Structures are given as structure tokens and as C-alpha cells.
Amino acid sequence: NLFGAKTSIKGQGFNIGGQSLGGILGGNLSSQYYTDVETKRKFLGITTGTSRDTYYSETDQLFKSQISLVFKGMADSIKAVAPALGISTSLVTDKLNNFVVDIGRVATDGLSQEDLQKRLTAVFSAFGDRLASSILPGFEKFQKVGEGYYETVVRVSSGVEQASGLLDN
């Protein structure tokens, strides 16, 4: 107790930094697990210094494949609604491929399974809104209270498709 150091974990989670959505859809998701560690050094029982470090390790293949499926699902749904909105699928595909994904750090330590699910839903819902507003701008005026931008685009395109079908009949 007179000399030494006390090390404790202050945070854990995963990080998805800046990379193209096209690269992710091509199977090249770059992601890491992170751990924030705090070390307190002591001399004669008195704390003489504190250091904080972050350690990164590569995420496993299961994590990468599951997260990639989320990104793919969002990209596919945006591509699917484009024709109903009169937007070229090739233009949307180009925009999607060049879109920069930067989720950042997502803390997962100390969360129950239910809370973890809520956090991931919130993170990817926010990402979906940013993606949709970047690729298909101009739908803000159609948003309902409490509805995300991504949901708005899907709802509006579905309505346009139904109306077009009825008019064709």
C-alpha cells in the first residue's frame, strides 16, 4: 500500500471511425473495441499521479458482419425508395458509396441487454436519419412529430408508390 498503482477500467465499447459506406458494403468495415483505463500511482499512500489510456483491439468477425448487415439494410432501403421518388438509382448508389460513416465511440459497459438494445437502436436510428437526409434531402416538411428523417422518407415513398399504383389502375 505504500508504493504502487491502482488500475481501473473507466469505460468500454466499440468505435466505428470515418470510412466510406461503399467500403463497408464491400466487406471492409473497420471497427475496434476500446477500453478506457485509469491508473493512479501512489507513494507512501498518497496519490502522486493519474494517467488515462485507451486501448483498442480489432472487433471479431461476428460483430463486423452484424453491423455491416445493419448498414446494408439501410442502404438497400434507400436504394429501393429512390425510384418511387423519381430519383435515379445509380445516382443514389454513387452517393451511398461515397457517404462517410463516422459513428464514433459507443459505450456499452454496465448496460443490461435491454439497455444495450436501446442504445444501439438510438445510435443506428440517428445514423439512418443522417444517411437519408444526405442522400435524399428535402423531406423535412413531411416529417411528423417524433418521426426520424429516415422513417419519413420511407413513409413518403410508400405513399407515393401507392398513389402511383392507384392512378395507374
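Student: Is Phe43 buried, partly exposed or exposed in this structure?
Tutor: Let's start with its place in the predicted model: Phe43 is found in strand β3. Buried would need a relative accessible area under 20%, and exposed one over 50%. Phe43 comes out at 45% relative accessibility, so it counts as partly exposed.

Student: Good, now to charged pairs. How many salt bridges does a search of the whole structure find?
Tutor: Here is the idea behind the search: side chains of opposite charge can pair when their charged atoms come close. The cut-off is a side-chain nitrogen of Lys or Arg within 4 Å of a carboxyl oxygen of Asp or Glu. Over the whole structure, the number of salt bridges found is seven.

Student: Which strands hold Glu38 and Lys10?
Tutor: The side chains of Glu38 and Lys10 meet in a salt bridge, with 3.7 Å from N to O. This pair links distant parts of the chain, 28 residues apart. Glu38 lies in strand β3 (residues 32-43), and Lys10 lies in strand β1 (residues 3-16).

Student: Is Glu38 buried or exposed, and is Lys10 buried or exposed?
Tutor: Glu38 has a relative accessible area of 8%, and the cut-off for buried is under 20%. Lys10 has 52% relative accessibility, and exposed means over 50%. So Glu38 is buried, whereas Lys10 is exposed.

Student: Is Asp36 buried or exposed, and what is the relative accessible area of Arg105?
Tutor: Asp36 has a relative accessible area of 16%, so it is buried. Arg105 is partly exposed, and its relative accessible area is 40%.

Student: Where do Glu114 and Lys118 lie?
Tutor: Glu114 forms a salt bridge with Lys118, the closest N and O atoms being 3.4 Å apart. Glu114 is exposed, and so is Lys118. The two are four residues apart, about one turn of the helix, and both lie in helix α4.

Student: Let's stay with that helix. At what angle do α2 and α4 pack?
Tutor: Two packed helices are described by the angle between their axes and the distance between the axes. For helix α2 (residues 61-81) and helix α4 (residues 113-135), the axes are 11 Å apart. The packing angle is about 35°.

Student: How many nonpolar, polar and charged residues does the contact of α2 with α4 have?
Tutor: From α2, the contact is made by Ile67, Val70, Phe71, Met74 and Ile78. From α4 come Phe124, Phe127, Gly128, Leu131, Ala132 and Ile135. By class, this contact has 10 nonpolar, one polar and no charged residues.

Student: Is α3 parallel, antiparallel, perpendicular or oblique to α4?
Tutor: Helix α3 (residues 89-98) and α4 pack at an angle of about 130°, with axes 10 Å apart. That angle makes α3 oblique to α4.

Student: And is α2 roughly parallel or antiparallel to α3?
Tutor: α2 and α3 pack at an angle of about 155°, with their axes 9 Å apart. Roughly antiparallel takes an angle over 145 degrees. Therefore α2 is roughly antiparallel to α3.

Student: Last one: which residues does Arg155 touch, leaving out those up to four places away in sequence?
Tutor: The place of Arg155 is in helix α5 (residues 149-168). At 30% relative accessibility, Arg155 counts as partly exposed. With residues up to four places away in sequence not counted, Arg155 touches Phe142, Gln143, Lys144 and Glu147.

Notes. Residues numbered from 1 in each chain as written. Predicted model: local features only at pLDDT ≥ 70, side-chain atom pairs only at ≥ 80, totals over all residues. Heavy atoms only, no water. Axes fitted to C-alpha atoms, helices over the stretch in contact; angles between N-to-C directions. Contact = heavy atoms within 4.5 Å. Nonpolar A, V, L, I, M, F, W, Y, C, P; charged D, E, K, R; others polar. Parallel < 35°, antiparallel > 145°, perpendicular 65-115°, else oblique. Buried < 20%, exposed > 50% of the residue type's maximum accessible area, 1.4 Å probe, protein only.
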